[in-house]
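Reader: Hey, can you walk me through this one? I'm new to reading structures.
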Amino acid sequence: MDNALLVFLDLGLYDLAESKKELENLAIAAELNVLDSMTQKLDKPTSNYYIGSGKVVELKKTVDVLKIDVCVFDTELSPAQIRNLEEALDTQVIDRGFLILQIFAKRAKTKEARLEIDLAQQKYLLPRLIGLSSSLSRQGGGSFNSKGPGEKKLELDRRRIESNITKLEDQLKKVHLEKKVNQKRRQSNQIPIVALVGYTNAGKSSTMNSLLMKLMRNEEKKVFEKNMLFATLQTQARQINYYNEPSFILTDTVGFVSRLPHDLVNSFKSTLEEVKQADLILHIIDGSNPNYQHQMTTTNDVLDSIEASHIETINVLTKLDLMINQTPITDFKYLSISNKTKTNLDFLIDEIYTRLFGQKVEVDLSFTYEEKSLINALYQSSKIIDISYLEDEIRVKSIIRESQLVTYQNQLLQKELPSNEK
Ligand SMILES: Nc1nc2c(ncn2[C@@H]2O[C@H](COP(=O)(O)OP(=O)(O)OP(=O)(O)O)[C@@H](O)[C@H]2O)c(=O)[nH]1
Ligand SMILES: [Mg+2]
């Protein structure tokens, strides 16, 4: 494990305490051993080193004493700043964007995620080729093994990266095409899609698992959840068939983080395609996090940028069990749940079904004996109260959802007002 030192500049732009905690968690997620941090208060960053040159001297001392392998700066550094800092500190220097790319690179498992992250890394490196040359050799990420590469080598490296980018983009196009076919198939099934979105570590995967256990009682379908930033890197979908209710597809997605590297947002836009296809979004918010408002805004901004902000949304506050001594949140409408104590899950489930399929209605239906398959479908997606087999028809009394009325309009005998049954 590499020893890391975190460097912050207090420009009064961000909540420093939150930024510190978040960068530390990002470093831990990147499997770094955080030994210390250093903060400088300045009005604006310096062009040579980002921090002041006096601070660089101080930093160098700490780097030597603590045997620091990598200094992580909580910002986006220019290629020149990286080069200058690496020379002055004689250690690897990376910025927040590079750190996030490292986490994704470590976690990406599926073919698509691997290609996306490779592409984001190559795009990130291209303009930083000069500055990052020594970091790269330490990463073992290519043949950039001299500290001051000559012009010719630089040109070769640049061309190689450009050709890598083209290759990766081609491969990705193919993967996306296959995915589109699958999506079309799913859409033609007309099963509605519910997507869980939110800030990283908010509790999306845990909420998905709570719902799966409650509705499907199937341990095997569970997804990975962990107290670690970016535990989920790939969208995962499960079809929910709950007795007495119509089916829907539930998908877990990659978490968001503020100040995400631009190339990464672009790369993961296709992963977020699923969100765009959703009929309903569950915006998962960690209500116990003092910074929840900022996290919500970040998520809403990403939803805006992928043109998904028009999709119907339920705000879900998780970690209710940790919010006991907090002043209640009153600035927006939400449902609060706990995945730990399993509180309010029934409310959430009922809200999901109502938003997707409308209220429950009690109906009397009449089927011919040829329409038996329709009755089977009804059995799977609604609550049958009574069924009687008459001479030339089958009479069924059932509680269905409003949206199912269309499907059974030819069989409908009478319709009563929405029942109060929940
Ligand atoms: N106390 C408490 N902890 C929770 C609750 N929901 C989730 N957690 C914890 O929060 C941490 C993150 O949960 P995840 O479900 O992995 O979060 P996520 O939003 O999927 O995170 P990423 O996939 O990393 O974006 C885990 O340690 C969970 O156990 C809850 O209701 N109460
Ligand atoms: Mg997750």
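This is a predicted model: local features need pLDDT of at least 70, side-chain atom pairs count only at pLDDT 80 or more; totals for chains, interfaces and linings use all residues.

Reader: OK. How many helices and strands are in the protein chain?
Author: The protein chain has 13 helices and 14 strands.

Reader: And how is the chain divided into domains?
Author: There is domain 1 (3-107), then domain 2 (109-175). Domain 3 covers 191-356, and domain 4 covers 359-418.

Reader: How far apart are the C-alpha centres of domain 1 and domain 4?
Author: Those two centres are 65 Å apart.

Reader: What share of the 422 residues counts as buried?
Author: That share is 36%.

Reader: Now the sheet. What is the strand order in the open sheet of six strands?
Author: The order is β6-β7-β5-β8-β9-β10, and the pairing is mixed.

Reader: How do β6 and β7 run, parallel or antiparallel?
Author: Antiparallel, with five bridges joining them. In one bridge, Gln239 partners Ile249 of β7.

Reader: Which strands does helix α11 lie across?
Author: Helix α11 (residues 292-305) lies across β5 and β8, at about 150 degrees to β8.

Reader: Switching to the ligand. How many residues surround ligand 1?
Author: There are 23, and the closest are Gly203, Ser206, Asn227, Thr232 and Gly255.

Reader: Which helix gives the most to that shell?
Author: Helix α8 (residues 204-216), with three residues.

Reader: What kinds of residues make up the shell?
Author: Five are nonpolar, 12 are polar and six are charged.

Methods: Residues are numbered from 1 along each chain as its sequence is written. Chains are lettered from A and ligands numbered from 1 in the order in which they are written. A residue is near a molecule or strand if its C-beta atom, placed from the backbone, lies within 6 Å of it. Helices (H or I, at least four residues) and strands (E, at least two) are DSSP runs, numbered from the N terminus. Ala, Val, Leu, Ile, Met, Phe, Trp, Tyr, Cys and Pro count as nonpolar, Asp, Glu, Lys and Arg as charged, and the others, Gly among them, as polar. A residue is buried if 20 or more other C-beta atoms lie within 10 Å of its own, exposed if 12 or fewer, and partly exposed in between; C-beta atoms are placed from the backbone. Domain bounds come from an automatic or database domain assignment. Two strands pair if DSSP finds at least two bridges between them. Two residues are in contact if their C-beta atoms, placed from the backbone, lie within 7 Å. Axes are lines fitted to C-alpha atoms, for helices over the stretch in contact, and angles run from 0 to 180 degrees between N-to-C directions.
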